[in-house]
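Please view the sequence and the model first.

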Amino acid sequence: MSVKIAPSILSADFAELGTGVEAIATADYVHFDVMDGCFVPNISIGIPVLQSIRKRTALPIDVHLMIVQPERYVDQFCDAGADLVTCHVEADTPEKIHLALDKIHAKGKKAGVVLKPNTRAEAVLPFLDKCDIVLVMTVEPGFGGQKFMPSALDKLRWLKAEREARGLSYLLEVDGGVDAATAPLCVEAGADVLVAGSAVFGAADPAAAVGALASL
Ligand code: DX5
Ligand code: ZN
């Protein structure tokens, strides 16, 4: 399987988001970063913007919730057009994270968990059976354009081995500082989906940047 590309529209021009998602129509997902100013020290975009973006792209929309207590909002994000919703394991109690995953699945959408860079890989274990995807952060969540943290690569390798050992089939996604230099490291370590914000929307030709990442 070749690696999938999920451009993060956090790095797009928010005044031209429709044009932005249309420019990356050759990608595999649209990565939609939701920040609440509480779980992370930044505020981004939410449900009404997702509804508008949904009308402008046929690609699956991958919603990355960087919000506290995500279980409160997953239904609304599913109804607004998300195809895949991921919740941070650090964002609530294990019981509530389980509930969030169950609610996403009850809406017929794909669900997954996310790990911050300093969270141990083992933190996913209680949720793995329910995960369609596991997202490994390769920067501290909150901002685009940060430097890739290679320490996350061991986490990817561990998650890949655990998938084999348990006979599971979740996808492995990486997010943060992914560009032409770091993407091959992620793929080598087992990544199936690469999120890229500034490497795509900071490029003169975002479609060409998607193609370049996909061919690495
Ligand atoms: C950061 C977000 C990322 C961000 C990635 O908290 O989750 O998706 O947009 O941006 P780059 O690729 O520029 O690091
Ligand atoms: Zn993200």
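What volume does the largest cavity have? The largest cavity of this predicted model has a volume of about 200 Å³, where a cavity is a set of points, on a 1 Å grid over the protein atoms alone, at which a 1.4 Å probe fits but cannot get out. The count comes to 1 cavity of 30 Å³ or more. Its lining comprises 25 residues, of which Phe 143, Gly 144, Gly 145, Asp 175 and Gly 176 are the closest to the centre; lining residues have an atom within 4 Å of a point. Strand 2, strand 3, strand 8 and helix 7 (198–201) each give two or more residues to this lining. By class, the lining has 11 nonpolar, 11 polar and 3 charged residues, with Gly counted as polar.

Ligand 1 sits in the largest cavity, that is, more than half of its atoms lie within 2 Å of the grid points. Around ligand 1 there are 20 residues, each with a heavy atom within 4 Å; Ser 8, Gly 142, Asp 175, Gly 197 and Ser 198 come nearest. This shell divides into 8 nonpolar, 10 polar and 2 charged residues. Strand 2 (30–35) gives the largest share, 3 residues.

| Residue | Protein atom | Distance |
|---|---|---|
| Gly 177 | backbone N or O | 2.8 Å |
| Gly 197 | backbone N or O | 2.7 Å |
| Ser 198 | polar side-chain atom | 2.5 Å |

Taken alone, ligand 1 exposes 380 Å², and the protein buries 100% of that (Shrake-Rupley method, 1.4 Å probe).

Residues are numbered from 1 along each chain as its sequence is written, and ligands are numbered from 1 in the order in which they are written. Local features need pLDDT of at least 70, side-chain atom pairs count only at pLDDT 80 or more, totals for linings use all residues, and side-chain values use heavy atoms, with hydrogens and water left out.

Terms used. A polar contact is a pair of N or O atoms within 3.5 Å; within protein, one must be able to donate a hydrogen and the other to accept it, and residues adjacent in sequence count only if both atoms are side-chain atoms. On a 1 Å grid over the protein atoms alone, a cavity is a set of points where a 1.4 Å probe fits but cannot get out, and a pocket is an open set with protein on both sides within 12 Å along at least five of seven lines; lining residues have an atom within 4 Å of a point. Helices (H or I, at least four residues) and strands (E, at least two) are DSSP runs, numbered from the N terminus. Grid points are joined across faces, edges and corners, and a volume is the space filled by probe spheres set on the points.
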